[in-house]
Amino acid sequence: MPLRFGDDVSTAETDYGTVLLDERAGAYWELNPTATLVVRTLLDGGEESDAAAALVREFDIDQAQAVRDVETLVRELRTSGLAS
């Protein structure tokens, strides 16, 4: 399922990753470069498997770990109400 941020979530890429602002709660979230790659892949229409493959290519990590990392990040973004 594609990832989408809510209308009240602003994003800004930085030298260190991406910052998310939840305008409803006034809370900031900081995504490291790994999470930024995952989010960018998903927002561009990729599947979670595409995001995991991008992590393996970019950061030379184990495929199983990449899949777990993507699943965890997506679950946290959705649970927090930042993304659907």
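Predicted model: local features only at pLDDT ≥ 70, side-chain atom pairs only at ≥ 80, totals over all residues.

Student: Okay, sheet first. What is the order of the strands?

Tutor: The three strands run in the order β1-β2-β3, forming an open sheet with antiparallel pairing. From one strand to the next, the twist averages 20°.

Student: Which strands stand at the edges?

Tutor: Those are β1, residues 9–14, and β3, residues 27–31. Each has a single partner strand, so one side of each is left without a neighbour in the sheet.

Student: And how many bridges pair β2 with β3?

Tutor: Five bridges, in the antiparallel sense, with β2 covering residues 17–22.

Student: What holds strands together in general?

Tutor: Strands of a sheet pair through backbone hydrogen bonds.

Student: Got it. Switching to helices: which strands does α1 touch?

Tutor: Helix α1, residues 33–43, packs on the sheet and touches β1, β2 and β3. Its direction makes about 95° with that of β3.

Student: What's at the start of α1?

Tutor: There, a side-chain oxygen of N32 comes within 3.1 Å of the backbone nitrogen of T34. Just after the helix, G45 has a positive phi of about 100°.

Student: Which residues of α1 are buried?

Tutor: A35, T36, L37, V38, V39, T41 and L42.

Student: Which residues touch the most others in the largest nonpolar core?

Tutor: That core has 21 residues, and F5, L20, V38, V39, V70, L73 and L77 touch the most other members. Helices α1, α2 and α3 each supply at least two of the core residues. Take V70: beyond its neighbours within four places in sequence, V70 contacts V38, E48, A51, A52 and L55.

Student: New topic: how many salt bridges are there?

Tutor: The count comes to three. In one of them, R24 pairs with D8, with the closest N and O atoms 3.2 Å apart. R24 sits in the loop between β2 and β3, while D8 is in the segment before β1.

Student: Which residues are in a network with R24?

Tutor: D8 and D22 are linked with R24 in a network of salt bridges. The D22 and R24 side chains meet at 3.1 Å, N to O.

Student: Are D8 and D22 buried or partly exposed?

Tutor: D22 is buried, at 7% relative accessible area, whereas D8 is partly exposed at 23%.

Student: And what does E13 pair with?

Tutor: E13 forms a salt bridge with R40, the closest N and O atoms being 2.9 Å apart. E13 is in strand β1 and R40 in helix α1, so the pair ties together parts 27 residues apart in sequence.

Student: Last one: how far is S84 from R4?

Tutor: They are 80 residues apart in sequence and 5.4 Å apart in space, C-alpha to C-alpha. S84 is found in the segment after α3 and is partly exposed, at 43%.

Note on methods: Residues numbered from 1 in each chain as written. Heavy atoms only, no water. Pairing = 2+ DSSP bridges. Helix = DSSP H or I, 4+ residues; strand = E, 2+ residues; numbered from the N terminus. Axes fitted to C-alpha atoms, helices over the stretch in contact; angles between N-to-C directions. Contact = heavy atoms within 4.5 Å. Buried < 20%, exposed > 50% of the residue type's maximum accessible area, 1.4 Å probe, protein only. Polar contact = N/O pair within 3.5 Å; in protein donor to acceptor, adjacent residues only side chain to side chain. Core = buried A, V, L, I, M, F, W, Y, C linked by side-chain atoms within 4.5 Å. Salt bridge = Lys/Arg side-chain N within 4 Å of Asp/Glu carboxyl O.
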